[in-house]
Amino acid sequence: MREMFDDSLKLVLMHEGGWSDHPLDPGGATMQGVTLRTYSNWLGRPATKDELRNMPAEHRDAIYRKLYWERVQADELPPGVDHCAFDIAVNSGPGRAAKILQEAASVPADGSIGPKTLAAIRYADPLYLIGRMSDLRLEFLQRLDTWPTFGKGWGRRVEQVRDESQRLFERGRATEGGNGQVSSPCPVCSRGGGGRYSACRSPLLPHIPHTPHRHPAFLQADSMRFPREMVPPK
C-alpha cells in the first residue's frame, strides 16, 4: 500500500539522517541512507558525491521502494511487519531482511520471499514476528566486526524500530476494526477461523504452545492441501 510505504519511509529516513561519509562505514558515502554505489547503479553511470548530496527526493523515494520495500514484498506483509522488514533491508540489505523474516516465520531461510513464506506469515502473530525479527536482527548485528564502532547506534535503532513496528501494527488493527480477523481457519487443523491471533491447539505443535497457526506440516508444504495423516483429528 502506498500509504504504508510513505509512513514507513518517513520513519526510516529519521534513522538514516542526512549526509554521512564515515571512513569505517563499509557503505562509504551515504545520503539519507542511499550509498554512492547504489545511486550510481540507479543512474546507470558513476555518480559523484556532490550529485549524491543533492539527490532529488523523487530519486530517493523510487530507490527505497524498488530496491528495498518491493524486494521484501512489503506490500504483502501485515502492518508493522512490513516496516520492520523494510528497515532491516535498508540497514543490512534485502537478502538479510528476507532471511530474518523467514527465520522468524519458521520457514527455510533462502533469502527469497515467495508463496510459502507469505502463507506462513499470514498465519503467524504479527507481534510475535516483529519481536522475533528484532531479536534476530540484533544478534546478526552483534556478530559484525563493526559492532564496536556502530553498535550503540544500531542497538538503539533496533529497539526504536521494534516500538515503531508495534505501533503501526496496532494502528492497522484498529483500522481493520480492532480484531485483526481473517476469514479462513488454520489449514492443518481447521480451527481458529474466528481470528488470526487465536491459538491453535493442534498436537502437531506441542513444542510451540500458544503460537498461532505455525504447523511444521503447513510451513513445509507446497500447497494448502495436506495428506490425511498430517491432519490431527478434531
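Contact here means heavy atoms within 4.5 Å. The model is predicted.

**Confidence and overall make-up**

The protein chain averages a pLDDT of 80, and 74% of the residues score at least 70. Over residues 178-234 the pLDDT is below 50. Beyond near neighbours in sequence, that stretch has 113 contacts in the model.

The chain has 234 residues, of which 44% count as buried. Its secondary structure comes to 10 helices and three strands. From the N terminus on, the elements run α-β-β-β-α-α-α-α-α-α-α-α-α.

**The sheet**

The three strands form an open sheet in the order β1-β2-β3, with antiparallel pairing. β1 (19-20) and β3 stand at the edges. Each has a single partner strand, so one side of each is left without a neighbour in the sheet.

Two bridges join β1 to β2 (residues 30-31), and this pair runs antiparallel. Trp19 stands opposite Met31 in β2.

Gln32 lies in the loop between β2 and β3. Its phi is near 50°, a positive value in a residue other than glycine. Most residues other than glycine have a negative phi.

His15 is found in helix α1 (residues 2-16). His15 and Val161 are 146 residues apart in sequence, yet their C-alpha atoms are 9.1 Å apart in space. Leaving out residues up to four places away in sequence, His15 touches Asp87, Arg157, Gln160, Val161 and Glu164.

**Helix α2**

Helix α2 spans residues 36-43, and its buried residues are Thr38, Tyr39 and Ser40. What do the buried residues of α2 pack against? They pack against β3 (34-35), α3 (49-53) and α4 (57-69). Just after α2, Gly44 takes a positive phi of about 80°.

**Aromatic pairs**

A search of the whole structure finds seven aromatic pairs. Two of them are tabulated here.

| Ring pair | Distance between centres | Angle between planes | Class |
|---|---|---|---|
| Tyr64 and Tyr68 | 5.8 Å | 45° | tilted |
| Trp147 and Trp154 | 6.4 Å | 40° | tilted |

Why do Tyr64 and Tyr68 sit about one helical turn apart? They are four residues apart in helix α4, and that spacing separates them by about one helical turn. Tyr64 has 0% relative accessibility and so counts as buried. Tyr68 is buried too, with a relative accessible area of 11%.

Is Trp147 buried or partly exposed? Buried means under 20% relative accessible area. Trp147 has a relative accessible area of 22%, so it is partly exposed. Trp154 is at 17% relative accessibility, so it counts as buried.

Ring pairs also build a cluster. It links Phe5, Tyr64, Tyr68, Trp69 and Phe86. One of these rings has a charged residue over it: Arg65 lies over the face of Phe5, at 4.4 Å from the ring centre.

Gln73 is found in the loop between α4 and α5 (81-92). Gln73 has a positive phi of about 55°, although it is not a glycine. With a relative accessible area of 30%, Gln73 is partly exposed.

**Thr117 in helix α7**

Thr117 is found in helix α7 (residues 115-122). Thr117 is at 4% relative accessibility, so it counts as buried. Which side chain makes a polar contact with the side chain of Thr117? The partner is Gln102, at 3.2 Å. Not counting residues up to four places away in sequence, Thr117 touches Gln102, Val107 and Ser112.

Technical notes:
Residues numbered from 1 in each chain as written. Heavy atoms only, no water. pLDDT = per-residue confidence, 0-100. Buried < 20%, exposed > 50% of the residue type's maximum accessible area, 1.4 Å probe, protein only. Polar contact = N/O pair within 3.5 Å; in protein donor to acceptor, adjacent residues only side chain to side chain. Phe/Tyr/Trp six-rings, centres within 6.5 Å; stacked < 30°, edge-to-face > 60°. Lys NZ or Arg CZ within 6 Å of the ring centre and 35° of its normal. Pairing = 2+ DSSP bridges.
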